[in-house]
Structure formats: structure tokens, C-alpha cells
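Take a first look at the fold below.

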Amino acid sequence: MLYGILGAYFGFMSIVTFIMFCVDKNRAIRHQWRIKESTLIGFSFLGGAIGGIMGMALVHHKNRKPKFIICVPLALICNVLVAVAILFLVKS
């Protein structure tokens with residue numbers, strides 16, 4: 001049950017984060033209002049790191065910015081550690 005909840009949460013957050021990266025890329029191309037970098041990174045740390053990495057790789061958005069090159073993979077590590085900690089603590 002807990003695996004499903006965690007999977008659904010991280011899956012949902014990754015989809016939302018990926019969509020945010022795609023929307024921001026589209027707005028950048030059109031010179032429109034943008035999503036804040038802190039929001040994109042924040043959503044990556046809140047469970048959407050896989051979506052952030054996919055956004056960087058698939059739509060080539062923010063993939064040259066050092067802040068994103070460092071923070072989004074770091075967010076993935078944090079996401080994995082949090083998931084493992086939750087699973088470990090619940091089984092104890």
C-alpha cells in the first residue's frame with residue numbers, strides 16, 4: 001500500500017514538474033512571462049526531480065544553467081533518500 005502511495009506521489013509530482021519545464025520553455029521561446037527558477041527547482045525537491053531531469057533532457061530547458069545542472073540531480077538524490085527513509089521508518 002505504501003509503495004503505491006509513494007509511487008503515485010512521486011509520479012504525480014514528476015508529471016507536474018515536467019509540464020512546468022515544458023510550459024516555461026514554451027514561454028521562453030515566445031518571450032512571455034516565465035515560471036521562476038526557484039519554483040522549478042522547488043518542485044524538483046518536492047518530489048518531481050525525475051520530471052525536472054526529463055524536462056532538461058527532452059525539451060532542452062535549463063540544461064546549461066549550473067544551478068539546474070547541480071540542483072535537479074541533487075533533488076533526485078534527496079527524493080530517493082526521503083522515499084527510502086519513509087519506507088524504512090514505516091517498516092520499523
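A residue counts as buried when its relative accessible area is under 20%, as exposed when over 50%, and as partly exposed in between (1.4 Å probe, protein chains only). This is a predicted model, in which local features need pLDDT of at least 70 and side-chain atom pairs pLDDT 80 or more, while totals for chains, interfaces and linings use all residues. Residues are numbered from 1 along each chain as its sequence is written, and side-chain values use heavy atoms, with hydrogens and water left out.

Start with helix α1. Helices here are DSSP runs of H or I with at least four residues, numbered from the N terminus. Helix α1 covers residues 2–29, which makes 28 residues. From first C-alpha to last, α1 reaches 41 Å. That is close to the expected 40 Å, the expected span being 1.5 Å times one less than the number of residues.

Which residues of α1 are buried? They are Leu6, Phe10, Met13, Ser14, Thr17, Met20, Phe21 and Asp24. These buried residues pack against α2 (37–58) and α3 (66–91), where contact means heavy atoms within 4.5 Å. After α1 comes His31, and its phi is positive, near 55°.

Now turn to the charges. Side chains of opposite charge can pair when their charged atoms come close. A salt bridge is a side-chain nitrogen of Lys or Arg within 4 Å of a carboxyl oxygen of Asp or Glu. How many salt bridges does the structure hold? It holds four.

One of them joins Asp24 and Arg34, with the closest N and O atoms 3.0 Å apart. Asp24 sits in helix α1 and Arg34 in the loop between α1 and α2, so this pair ties together parts that are 10 residues apart in sequence. Are the two partners buried or exposed? Asp24 counts as buried because its relative accessibility is 0%. Arg34, at 33%, counts as partly exposed.

Next comes Glu37. Glu37 forms a salt bridge with Lys62, the closest N and O atoms being 3.1 Å apart. This pair links distant parts of the chain: Glu37 is in helix α2, Lys62 in the loop between α2 and α3, 25 residues apart. Lys62 has 11% relative accessibility, so Lys62 counts as buried.

Glu37 also meets Lys67 in a salt bridge, at 2.9 Å from N to O. Lys67 lies in helix α3 and Glu37 in helix α2, so the pair ties together parts 30 residues apart in sequence. At 43% relative accessibility, Lys67 counts as partly exposed. Together, Glu37, Lys62, Lys65 and Lys67 are linked in a network of salt bridges.

Terms used:
Helix = DSSP H or I, 4+ residues; strand = E, 2+ residues; numbered from the N terminus.
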